[in-house]
Amino acid sequence: MTKQTLKSAKAFAPASVANVSCGFDVLAFAIHGPGDIVEVSIKDTPGVEITDIEGDGGLLPKDPPVENTAGRAVMAMLKDLDIEDKTGISIRIKKMMPLGSGMGSSAASSVAAVVALNKLLDTPYEKSDLLQFALQGELAASGSPHADNVSASLLGGFTLVRSQHPLDIVKLHVPKGLVAAVFHPNISISTKNTRLILRKSVQMSQAVQQWGNVGGLIAGLYTEDFDLISRSMTDHIVEPARSILIPGFDEMKESALELGALGFSISGAGPSVFALCRSEEDAKIIKKEIARILDTFNLLVEAYISPINLEGSKSVT
Ligand code: HSE
């Protein structure tokens, strides 16, 4: 039984970088700055409705709410509590990050929605238990409920999806001084489509390289060994297929690595790209070069430079 005394509650969930080069669908980290705020309120009549979405340019679905990531996540939680027939929830979404950017926009909406609803209903769940509902939101957006973005956005830090069925998420150690620089060229790519272009199987030799790199990256995080992190940030499987959709990708990567990035790859499904850096100074130098390269393609870039966001989602007032 849930106790409900509040009339409304609000939460923030940050943007996130999924895959982190070698860890397709299993690694992600959260960043500071961009993200979503979702407010949920009790309404008189049963059912879920989305009353307002700000900052989406009218692009996100509102009705039926099951087609919206936040709406679907809220419905999943009400169903699990067995109160969906008698509870009325209205949802307001404020997007403070670009859509279709590869920065976990759909995850941020669904995570903020379930964190806010949990508060509204007097915390029936632990934070980590909210993941299962936020994942339902990812299903609405991408057709496949991958847990990488939602884990990082919900829990913060660097996360590993050790298993999706059953859900087993590991929050990894984050070395001091690690800085993320995320660059969003002003084009949009659908995660659903960029998942469809991926091959369904990989060669054993590629798989061996890939799991060596995933292990190396995680070991590098724990031992705070930036050189090991750098050597491990190589993806022979997904990046080659997707990077052709991103103007100037090879040039950006080469320049970022020359300018001292530990690694450079696609953020989630793209088109955003990211670099992990040893310092904010390195990140700022790389930002100038990325902006110069994208300008040659007549593309503007939004850059987000921040330490890893260790806190993740949170209630706000
Ligand atoms: N791991 C997912 C993908 C993240 O790369 O398709 C999508 O945001």
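This is a predicted model: local features need pLDDT of at least 70, side-chain atom pairs count only at pLDDT 80 or more; totals for chains, interfaces and linings use all residues.
Is Asp 122 buried, partly exposed or exposed? Asp 122 is partly exposed, with a relative accessible area of 36%. Its place is the loop between α2 and α3, and its phi is positive, near 70 degrees, although Asp 122 is a residue other than glycine.

Most residues other than glycine have a negative phi, and most peptide bonds are trans.

A second residue with a positive phi is Asn 19, which is not a glycine and has a value of about 80 degrees. Asn 19 sits in the loop between β1, residues 8-18, and β2, residues 27-42. Asn 19 is buried, because its relative accessible area of 6% is under 20%.

Let us turn to the peptide bonds. The bond from Asp 63 to Pro 64 is cis, with omega near 0 degrees. Pro 64 belongs to the loop between β3 and α1. A cis bond, again with omega near 0 degrees, leads from His 165 to Pro 166. Pro 166 lies in the loop that runs between β5, residues 158-163, and β6, residues 168-172.

Next, please look at helix α10, residues 280-295. Which residues of α10 are buried? They are Asp 282, Ala 283, Ile 286, Glu 289, Ile 290, Ile 293 and Leu 294. The buried residues pack against several elements, among them α9, β7 and β10.

Finally, I come to the largest pocket, which holds about 650 Å³ of space. How many residues line the largest pocket? The lining has 36 residues, and those nearest the centre are Gly 100, Ser 105, Ser 106, Ala 141 and Thr 191. Helices α2, α3, α4 and α5 each supply at least two residues of the lining, and α3 gives the most, with four. By class, 17 of the lining residues are polar, 11 are nonpolar and eight are charged.

Thank you for your attention.

Key: Residues are numbered from 1 along each chain as its sequence is written. Side-chain values use heavy atoms; hydrogens and water are left out. Buried means under 20% relative accessible area, exposed over 50%, partly exposed in between (1.4 Å probe, protein chains only). Contact means heavy atoms within 4.5 Å. On a 1 Å grid over the protein atoms alone, a cavity is a set of points where a 1.4 Å probe fits but cannot get out, and a pocket is an open set with protein on both sides within 12 Å along at least five of seven lines; lining residues have an atom within 4 Å of a point. Grid points are joined across faces, edges and corners, and a volume is the space filled by probe spheres set on the points. Ala, Val, Leu, Ile, Met, Phe, Trp, Tyr, Cys and Pro count as nonpolar, Asp, Glu, Lys and Arg as charged, and the others, Gly among them, as polar.
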